[in-house]
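Hi,

Here is the structure I promised to pass on. Have a look at it first, and my notes on what turned up follow below.

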Amino acid sequence: MKQLLPLLLIIFWGCNTKERQRIDISGEWTVALDSLNKGHEEEWFTKVIEHGTEIFLPSTLDENKLGTKVIKTPDMSRDNLFELSRRYTYIGPAWYQRKVSVPEEWKGKSIELELERVIWKSEVWIDGKYKGKDNSLVSAHKINLGELTPGEHDITICIDNSRQYHLFDSKGVRAINQNHDYSHAYTETTQIIWNGVLGNMTLSPSASYNINHTRINTDIQNKSVTIKVEGKGNENRLFFDVLDTANQVLYTKEVLSKNQFEVTFKEDFDLWNEFNPTLYKLRISDENNILREDFFGLREVVAKGNDIFINNEKTFFRGTLECAIFPLTGHTPLDEKGWKKVFETSKAYGLNHIRFHSWCPPEAAFRVADKMGFYLQVELPNWSLEYGIDPNMVEWMEKEADRIIESYGNHPSFCLMSMGNELEGDFDLLNGLVKKLQKEDNRHLYTVSTFSFEQPHGTIPEPADDYWITQWSKDGWIRGQGVFDAYPPQFNIDFSKSLSFVDVPVITHEVGQYSVFPNMKEIDKYNGVLQPLNFEAIRNDMKAKGILNRADDYLKSSGQLAKILYKEEIERALKTKEISGIQMLDLHDFPGQGMALVGILDAFWDSKGIISPDGFKEFCSELVPLLDFDKAVFSNTETFEGTIKMANYWKDLSQQNVKWKVIDCVDNSVIKNGVIENKNIKRGVNTIASIQFELNSILQPKKLDIEIEISNTSYKNKWSIWVYPETSLLDHESIIITDNWSKAEKALNNGKDVLFTSNLKKTKGVEGKFVPVFWSPILFPDQAGTMGILCDPNHKVFNNFPTEYHTNWQWWDICKKSKAAQIEGLQVDPLVTVVDNFYKNRDLSTLFEAKVGKGKLLVSTINLYELPKERKVARSLYNSIITYMKSDDFNPEKEEKLSNIQRKLAL
């Protein structure tokens, strides 16, 4: 019986201990908007607010349709297109008031008000007497109200969402829109600058012992957990319980409280990581009430050389950004349900990491990440381009850093922390802040800034960096944005040359930013506080220009181009030994800063139909087959040579069979295959084997797919190459080929067929690019800014030219050596349409046809007049065009005057 007594006591105590008393003050409030900022002067806190409006809290003014109604029309102005538009707006103080009843048992106890999330400053009065204020964008506002007599009281809260400190550029010199801030904790570009209160709203009394803070340190080597407690009050018996996720008590200890003390458990704890996110709950109670609960997991994150280790296992952070993008509410969810879609979708697409760009999410996000095994990077609400110029802002920012650590530091998902996004200014201050945090709390890795455009800071790691986030180094790019358009496609290189001097882990900054055409079907989703005037304006513009019927095709073709670029971007990073992670911008769309639709998914985390989760996971998961080869385009006289690799960040595998095959994309037949048997695949990047095969059996232009998979697993990947026979240019016979308008006109008047190969130096048009518009054509309007090609691969002109409907790697030379002609108003049939960016929506083409006079005309604004043998793809396209023009299929439907075409094209 003595052996059972402790267990019975635990059960008895566990059944009778109750939650600490709290009063939920959510519900009906009265609100008055103080647009003239006279509330303090007129002492609105001394009386029931006159002319107030009923509001239910927690919520925002926007959700209650309070504030100034925004009246806009969906035109193509930059202001409209820059971001989603609020339906109602209000910036300034708002006064909230209601009555609360303090129970008799709270007599003599100090009472604390907690508001879980506020923008930006809160002040509180009880019965007209000032009680205090708080000022934070990262954690709950907590204000000590002191002792209140039992009974009814008026509580008045003034929430001021106006700017307290400049978080971007105080002078507005570099602001993209004047008076805009871009930290996602305080911005109109993603979430809105809402006014209200979100999440928990409570009053709670002091206890005989009050816990101010707990820090849970875990030791994975010794399987121990040490809880450091800071508090105050009477010496008290406290019970420390460790529970599992089923709320069963696993271990318990009883201690006497002090102002500072430690409690250690050394037990058979499981470790926490992305594959095994084992969580425990720490519950601290006195004899009557639960005083505090924290979730924790045994996790250690360490930087060694260029690698990041989670629990001594080399890890690759496959990440995307979360920029407070929640278009229906304009604010972050405060419950776990609201965060599940974010993390479940990210996991479905192979990710294990999310960076919170210049903001810190609420408790619910950490809890979901903990449960699902996600690695989070949290950032200060900081995008300052002049950090240090305002000492008050620096002091406030340092307090925000402390609040993040104290509020969320126990979560195992909280792995990385940055002082802000693309910071500039006093880096000595920033390095000093990081060193202070490293000394105080080594449970996380820290970086001084998530990249910086201020050189040399953005080109070399900072002295205090545990890890470094950048898009380039002093030796060159480490991001495809600066490479893919400048150099012909290569698939056997990485970014090591740019990082050879770096001795800390590197995470690539905001990779991607490949813009995708808007999805017009998305408009109907916006039934919340934000209205999609930007989408509506583009739809109206396309309709007026007669091209709205192309919108879906534009979305699909630009999406496929973005997909292949994201694939190569991620694979190139995986191959680079100095890189320990990527942070994409973005898996889902960023609706602000110029309508940056750069996602594979839309702003609601829904698919755009570009690629399935399983398709994305082929090149973005814990284990990715890789293939090194030197180019996309081959002659059939060559031998393909490649090296199979495996990027394995899952677990060591032994005796694996790696299969490969080469598929003819015309009939899906396998033309070559092989098996590499009994390979051991360790964590990290493994070289498996070299493969090669002759291409001399390819007697006509073809696309081939090379597939690699690990037998009896879901891990597979594939790449495309294009093979062209060594053939001469076809005799054009009776077809007139010219870049001379007079010669073309004479031939057409004589009933001839004319291929007009427009000389690019003499042609009006948009510069040829391979990559799509960067980030946003509205934010960066001066870029060439097209979004790939669109064609019908079944059109007879492509009978001898293998292509899909969208840009792929074989188009690189053709795209780069072309100009997109504006064909608005011309009666012609485009054979190759160039998808214009959605800011301009021009009707563009590089290959089109028409009947002209008595003849037939095909116009190319692709360089088809300089065709050396090394331009295999262009020569193939030329021959396919000639074959088409010789056939009866060349019979354009539309008729146009040559003079009209000349006016459009000729400089």
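Predicted model: local features only at pLDDT ≥ 70, side-chain atom pairs only at ≥ 80, totals over all residues.

**Salt bridges**

D753 pairs with K856 in a salt bridge, with 3.8 Å between the closest N and O atoms. D753 sits in strand 46 (residues 753–757) and K856 in strand 52 (residues 855–860), so this pair ties together parts that lie 103 residues apart in sequence. D753 is buried, at 17% relative accessible area, while K856 is partly exposed at 21%.

Residues are numbered from 1 along each chain as its sequence is written, and side-chain values use heavy atoms, with hydrogens and water left out.

As for terms, a salt bridge here is a side-chain nitrogen of Lys or Arg within 4 Å of a carboxyl oxygen of Asp or Glu. Buried is under 20% relative accessible area, exposed is over 50%, and partly exposed is in between (1.4 Å probe, protein chains only). Helices (H or I, at least four residues) and strands (E, at least two) are DSSP runs, numbered from the N terminus.

How many salt bridges does the structure hold? The count is 49. Among them is D813 with K817, whose closest N and O atoms are 2.9 Å apart. D813 is buried at 15% relative accessibility, and K817 is partly exposed at 32%. There is also a network: K341, K525, D602 and D606 are joined by salt bridges that share partners. Another one to look up is K474 with D475, at 3.5 Å from N to O; D475 is partly exposed, with 40% relative accessibility.

**Helix 3 against helix 4**

Helix 3 (residues 336–348) packs on helix 4 (residues 363–372) at about 40 degrees, with 9 Å between the axes. Axes are lines fitted to C-alpha atoms, for helices over the stretch in contact, and angles run from 0 to 180 degrees between N-to-C directions. That makes the two helices oblique to each other (under 35 degrees is roughly parallel, over 145 roughly antiparallel, 65 to 115 roughly perpendicular, and the rest oblique).

Which residues meet there? From helix 3 come E336, W339, K340, F343, E344 and K347, and from helix 4 A364, A365, R367, V368, A369, K371 and M372 (contact means heavy atoms within 4.5 Å).

Cheers
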